[in-house]
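Notebook open, structure on the screen. I'll jot down what I look up as I go.

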Amino acid sequence: MSESAPAERDDHVGDGSAAGSGGEKPLLEVRGLRKYYYENDSLFDRLLGREPTSVKAVDGVDLEVYPGETLGVVGESGCGKSTTGETLLRLREATEGTVRFDGEDVMEMSGDELTRFRKRAGIVFQDPFSSLDPRMTVGDIVSEGLKIHNVPEESPDDGRSKREWRRDRAKELLERVGLSADQIDRYPHEFSGGQRQRVGIARALALDPEFIVLDEPVSALDVSVQAQILNLLEDLQEDFGLTYLFIAHDLSVVRHICDRVAVMYLGEVVETGPTDDIFESPKHPYTEALLESVPRASVEEQGRRVDALPGDVPSPRNPPSGCHFRTRCPKVIQPATVDIPQEQYRGVMNLRDRLERQGFTAESVWETLESEHDGEDFERDPVVFKRAMREEFDLAGLSGATMDTVEDALEILANGREEEAADRLRDAFASPCEEEEPVLTGGEHAAACHLFADEEYDRDLDPEDVGNAMGGIGAPDPSTTADRDVPDDPGSGGTSDAVGSDGDTDEPDDNGR
Ligand code: SF4
């Protein structure tokens, strides 16, 4: 390590745009990373005969990060992106999987080897208010890592003590991140949010790392401050040859700073590719939904229709079978026996999903209907019940055999037999998407979705099922898609303002700068 700020390290710098091409080796390579937490796993639980329940926070993530690039990892709150970042740094122990850093197996490291890795790979946390110890001065915070790692090992030749060297280094770093060396003896509460995040960045730089996980580094900050911090991160990357894993829920920020993007849903990567490809031609319906949630600066686009993505994020304790996104996907594939407008199929699936998750009971619906009659005599008429359910789940436009089946299920439901109603719907409307989990496929721009299935993993699906729902994306028989509401243009479909906004802060309206 140099005495001054970290030296420019051009031996590690890639150009980002070329990441992954030309035989360049990744600096970080993650394969099959899993992080499960277990509930009901105490001795007491075992004595009571309770089965442990796994919570799959990260469930088989593959990633590569190339030297000098920024890989964005995006997804809703709770999708496992922060756990991924912390687990690959060994801040949490993985349940399974391998992480190779500069060719070395991080999961097998211990002792000096692990200490060396921790010097080369750092992290900046999301919350600049809670991530800094309020009892320490910023000088002590920034130089803490130097002390822990005994840097420098010997006193320098210029007569300074090791402590003085560390203090000078902390001053240099504070200045490098846009603060004043005079502020070294101040405490975190004397700084604004943006200034505290600068302190957090200075702390991450102290050990002269090559790789930094930036865990939502701007999401707790005001929009104007976000732009300043993003600019600072870009400058530091250029000056010091840093490689970033940039975790965010805000796609507009990701577009600004990342070379490539990995989109996560419920502990898995569902799409990955160069940033421009992801933004201009997203493949996965979830990515489309995330993109639709990004505020647009242009006047023409401000009035565009933004539909709410149906359903809640499923629990990682009990993720849906097959494709985990199927309970919310606007393009969920219909079985060959069903051919109805996609919005109505989605409505049927929403009804079934709510019943399977025990999201409501027939009794609760009757009580709501009664309360709407405001004390008047109310007769529990199944016709009224069914009408209310059709309205609630957008099923009013159904006709023919499909409507008959749904009416049957609603009649069963009105009589309080929720499980039987769900079974009736499952028998008639089960989607191929719930049978097999799609895998990430497609090379540099890959997606895990049966709509983009390749022959290898699609072999178990009925090709007719896939073609039936593709709405022109290679569908075998155009006549079967005539009535579909599946947009040809990715990103123009019904999507959400409910995703990508986990309430951390306002989102920048123009890429954050
Ligand atoms: S596999 Fe099916 S449910 Fe999953 S994203 Fe693709 S179309 Fe939607």
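I began with the shell around the ligand: 10 residues there are nonpolar, two polar and two charged. My classes: Ala, Val, Leu, Ile, Met, Phe, Trp, Tyr, Cys and Pro are nonpolar, Asp, Glu, Lys and Arg charged, and the others, Gly among them, polar. Of the 14 residues around the ligand, Cys323, Arg326, Cys329, Cys433 and Cys449 come nearest. "Near" needs a C-beta atom, placed from the backbone, within 6 Å of the molecule or strand.

A note on the source: this is a predicted model, where local features need pLDDT of at least 70 and side-chain atom pairs count only at pLDDT 80 or more, while totals for chains, interfaces and linings use all residues. Residue numbers start from 1 along each chain as its sequence is written.

I found four strands in the order 2-1-4-5, with antiparallel pairing. Strand 2 (53-65) and strand 5 (104-105) are at the edges with a single partner strand each, so one side of each has no neighbour in the sheet. For the terms, helices (H or I, at least four residues) and strands (E, at least two) are DSSP runs numbered from the N terminus, and two strands pair if DSSP finds at least two bridges between them.

I then followed strand 1 (residues 28-39), which runs antiparallel to strand 2 and is joined to strand 2 by 10 bridges. Tyr38 sits opposite Ser54 in strand 2. Helix 2 (residues 81-88) lies across strand 1, strand 2 and strand 4 (96-101), at about 110 degrees to strand 1. That angle is taken between N-to-C directions, from 0 to 180 degrees, with axes fitted to C-alpha atoms, for helices over the stretch in contact; contact means C-beta atoms, placed from the backbone, within 7 Å.

Buried means 20 or more other C-beta atoms within 10 Å of a residue's own, exposed 12 or fewer, partly exposed in between, with C-beta atoms placed from the backbone. Strand 6 pairs in the parallel sense with strand 7 (residues 211-215) over four bridges, and Ile123 has Val213 as its bridge partner there.

Last, strand 10 (residues 268-274). Six of its seven residues are buried, so strand 10 is largely enclosed by the rest of the structure. Strand 9 (residues 260-265) runs antiparallel to strand 10, joined by six bridges. Two residues lie between these strands in their hairpin, where Leu266 takes a positive phi near 50 degrees.

Conventions. Two residues are in contact if their C-beta atoms, placed from the backbone, lie within 7 Å.
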